[in-house]
Amino acid sequence: MSLALYITGRQPWKTFYLTFQLLTLALVYLPICVATYLFKRPNPTWSWKHAMRVALTRRLNPIGIVLGKIPFDPDYRAIESGPGVEGVWMDEVPHLMNAQLKIWSSVAKVTSIRIPGYWYARTGLSPKPPTPVAAGQKVFLFLHGGGFTHMSAHPKSPISVIPRSLVELTDHAPYALSVEYRLSSTYPFAEEHSFPTAILDALTGYNFLVRVMGYDPSDIIVAGDSAGGNIALALTRYLVENKDSAEVSPPGPPGHLLVSSPVTDMSNSHVTPGSSALTNDKDIVSDFYTNPYDTPYRVLAYVGPFGAGIASCNPYVSPASLSPLVQAHFIGFPRTFIIAGGMEVFLDQIRSLRDKMVRDMGETQVTYYEATDAEHDYFVFSWHPDRPATLKAIQEWLVSG
């Protein structure tokens, strides 16, 4: 973690930092970008408006880290009501935790708790699925991105554009349940909810769909973007590895897995000269690897008391790591659709994930979609020019099986 975050995480330096950043953003950075991008853009295929949106997002990302959790954002402690909001409480699942998950939870000082989720429905349908659910009807379990430290499952969150779009793709999957998992943080903020907290909460949401709503596991599409993609992979791994366990009896694995720009390696195994981590410096999260020798705040928040070393040896944290200590296998995983942006810093690790999955599952079970000129998690931006084609590809994948 950078020294700047240690300093600016405290008052009054935090206020000074934010004031300085916002003033320079409005009076210096954006005016320079406005003029520069009229003649030359970070990518020649981008429009002026596209380049400006990327520039603004790049600048706001590090500011968001210094801010910490946004106090007025919805979180796991309550269901925030509002027009069109359909929230639901989902009961804790300590009985589904195996010995290893209990040990990790003990180290992190967390346990399974009751959490909220939010329903998303296809246009024209009731806000939540009628029960009993129709046989064969599919449903999305969505895990939002935000670097493990930010954003929400609530419909007012910017990331809600993903579940809203997914439920419109096919009549056979008209609903999505987005899990309000607990966000991670660490010094200089509260040190809480590190790994495996988000996995516990994802398991709560999955159990709710199967054992409360009545969905068959084969009809569930586990989906996630960015950090949520990491959690989706970890949840699926837990369900696959404990399918025939004599110790616990979780629901069976899902029928489909959909991950957009998933964070799949929190170690530095993909941070090498010439790698996307260092060369794709026009990405919206290019600040993630500003200093390849410095562990990013988001990683430190997620790994918590385990330290950064767990990222080099645990397949639940870094399934695509190139470290020989990470024995990540994907035998038994469901049909998978992977989305990547050709200009994102995580491109190499996402390709490694693809290669590992193809090795264990076969090419017919893994669909890989890479938008050549797109940045990290472009799928979350409703304005993005590559989004319509991506949605079409997902739709074809869903209909095909």
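Analyst: Let's start with two helices: α6 (residues 197–212) and α7 (residues 227–241) pack with their axes 9 Å apart, at an angle of about 70°. This is a predicted model, where local features need pLDDT of at least 70 and side-chain atom pairs count only at pLDDT 80 or more, while totals for chains, interfaces and linings use all residues. Residues are numbered from 1 along each chain as its sequence is written, and side-chain values use heavy atoms, leaving out hydrogens and water.

User: Why are α6 and α7 called roughly perpendicular?

Analyst: Their angle is about 70°, and the label covers 65 to 115 degrees (under 35 is roughly parallel, over 145 roughly antiparallel, the rest oblique). So α6 and α7 are roughly perpendicular to each other. The crossing of α6 past α7 is right-handed.

User: Which residues make this contact, and what makes them nonpolar, polar or charged?

Analyst: On the α6 side they are Ala198, Ile199, Ala202, Leu203 and Tyr206, and on the α7 side Ile231, Ala234, Leu235, Tyr238 and Leu239. Contact here means heavy atoms within 4.5 Å. Ala, Val, Leu, Ile, Met, Phe, Trp, Tyr, Cys and Pro count as nonpolar, Asp, Glu, Lys and Arg as charged, and the others as polar. That gives 10 nonpolar, no polar and no charged residues between α6 and α7.

User: How do you know how α2 and α3 are oriented to each other?

Analyst: Helix α2 (residues 13–36) and α3 cross at roughly 170°, their axes coming within 11 Å. With that angle, α2 and α3 are therefore roughly antiparallel. Among the residues in the contact are Tyr17, Leu18 and Leu25 of α2 and Trp48, Met52 and Leu56 of α3. By class, the contact of α2 with α3 has 16 nonpolar, two polar and three charged residues.

User: What makes Arg77 and Asp75 a salt bridge?

Analyst: A salt bridge needs a side-chain nitrogen of Lys or Arg within 4 Å of a carboxyl oxygen of Asp or Glu. For Arg77 and Asp75 the closest N and O atoms are 2.6 Å apart, so the pair meets the definition. The whole structure has 10 salt bridges.

User: Why do Arg77 and Asp75 carry their accessibility labels?

Analyst: Buried is under 20% relative accessible area, exposed is over 50%, and partly exposed lies in between (1.4 Å probe, protein chains only). Arg77 has 61%, so Arg77 is exposed, whereas Asp75, with 22%, is partly exposed.

User: How do you know that Arg351 and Glu370 pair up?

Analyst: Their N to O distance is 2.8 Å, and the side chains meet in a salt bridge. Arg351 sits in helix α10 (residues 347–361) and Glu370 in strand β8 (residues 366–371), so this pair, 19 residues apart, links distant parts of the chain. Arg351 is partly exposed at 29%, and Glu370 is partly exposed at 26%.

User: What makes Phe148 and Ser261 worth a look?

Analyst: Most residues other than glycine have a negative phi, and most peptide bonds are trans. Phe148 is not a glycine, yet its phi is positive, about 70°; Ser261, also not a glycine, has a positive phi of about 45°. Phe148 lies in the loop between β3 and α5 (161–166), and its relative accessible area of 4% makes it buried. Ser261 lies in the loop between β6 (256–260) and α8 (276–279), and is buried at 0%.

User: Which peptide bond involves Pro132, and where does Pro132 lie?

Analyst: The bond from Thr131 to Pro132 is cis, with omega near 0°. Pro132 is in the loop between β2 (115–121) and β3 (139–143).

Technical notes. Axes are lines fitted to C-alpha atoms, for helices over the stretch in contact, and angles run from 0 to 180 degrees between N-to-C directions. Helices (H or I, at least four residues) and strands (E, at least two) are DSSP runs, numbered from the N terminus. A crossing is left-handed if the near helix is turned anticlockwise from the far one by less than a right angle, and right-handed if clockwise.
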